Amino acid sequence: MEHEHQHSHQHQHHGPENHHHEHAHTAHAAHTVGGPVSWCMAARATLHCLTGCAIGEVLGMIIGTALGWGNVSTMILAIVLAFFFGYALTLRGVLAAGVGLRAAIRVALAADTLSIAVMELIDNGVIALWPGAMDAHLSDALFWIVLAIALAAAFVITTPVNKWMIGRGMGHAVVHRYHH
């Protein structure tokens, strides 16, 4: 896309052969400043957040369980690590695009905070309310089944939030600017 973007500015846009370049540039501009957003784009942004959240959640639960912590302490650690890994995945991509650390941190915070917060609220809410889930151990099937259901529910509920945010130039629309 970047090559197309550069190419489209090197030539005047008069003939039909340049219509594709104009359309590609216009579509890119719509997604970076708000505008129509596909469910697929929202789902990809949500899956990105879900990956970081899941890594943090599971790692937090493993550490809390291994250290013999109670449910509340373990859940707090899992939430903190979910935010950490959610932000870290975004930071990795933005830093790879050549953005400085300070600016990349601002981008990650702007892009992921609401998405991760909604995801964690739903995810941990399901786990806390599911009978027996808080007392299930890592070796119990119930632990993994409820975690999978909780993450799936978080994905389904957070995807429309991300779609709304991206459509208004917020959330992952901020990150999208650095991927093209």
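Author: In this predicted model, the secondary structure of the protein chain consists of seven helices and zero strands. Read along the sequence, the pattern is α-α-α-α-α-α-α. The protein chain has 180 residues, of which 38% count as buried. Its accessible surface comes to about 9700 Å², and carbon and sulfur atoms hold 69% of that area. Among contacts between residues at least 6 apart in sequence, 68% join residues at least 24 apart.

α4 has 26 residues, and from its first C-alpha to its last it reaches 37 Å. That is close to the 38 Å expected at 1.5 Å a residue. The buried residues of α4 are Thr74, Met75, Leu77, Ala78, Leu81, Ala82, Gly86, Tyr87, Thr90, Leu91 and Val94. Just after α4 comes Gly98, which takes a positive phi of about 95 degrees.

Now the rings. A search of the whole structure finds three aromatic pairs. In one of them, Phe83 and Tyr87, the ring centres are 5.9 Å apart and the planes stand at 50 degrees, so this pair counts as tilted. An α-helix has 3.6 residues a turn, so residues three or four places apart point the same way. The two residues fall into separate accessibility classes, with 20% as the limit below which a residue is buried. Phe83 has a relative accessibility of 22% and therefore counts as partly exposed. Tyr87 has a relative accessible area of 16%, so Tyr87 is buried. Phe84 and Phe85 also form an aromatic pair, and this one is edge-to-face, with 5.1 Å from centre to centre and 85 degrees between the planes. Phe85 is partly exposed, because its relative accessible area is 23%.

α5 has 29 residues and reaches 39 Å from first C-alpha to last, close to the 42 Å expected at 1.5 Å a residue. At Asp112, α5 bends by about 45 degrees. Leaving aside residues up to four places away in sequence, Ser115 touches Cys49, Thr158 and Asn162.

A disulfide is a covalent bond between the sulfur atoms of two cysteines. A search of the whole structure finds zero disulfides. For Cys49, the closest cysteine sulfur is in Cys53, 6.1 Å away, which is too far for a bond. Cys49 counts as buried because its relative accessibility is 0%. Cys40, by comparison, has a relative accessible area of 46% and so is partly exposed.

Conventions. Residues are numbered from 1 along each chain as its sequence is written. This is a predicted model: local features need pLDDT of at least 70, side-chain atom pairs count only at pLDDT 80 or more; totals for chains, interfaces and linings use all residues. Side-chain values use heavy atoms; hydrogens and water are left out. Contact means heavy atoms within 4.5 Å. Helices (H or I, at least four residues) and strands (E, at least two) are DSSP runs, numbered from the N terminus. The expected span of a helix is 1.5 Å times one less than its number of residues. The bend at a residue is the angle between axes fitted to the seven residues ending there and the seven starting there. Buried means under 20% relative accessible area, exposed over 50%, partly exposed in between (1.4 Å probe, protein chains only). Accessible areas come from the Shrake-Rupley method with a 1.4 Å probe; for residues, only the protein chains shown count as cover. A disulfide is a pair of cysteine sulfur atoms within 2.5 Å. Rings of Phe, Tyr and Trp (its six-membered ring) pair if their centres lie within 6.5 Å; planes under 30 degrees apart count as stacked, over 60 as edge-to-face and the rest as tilted.
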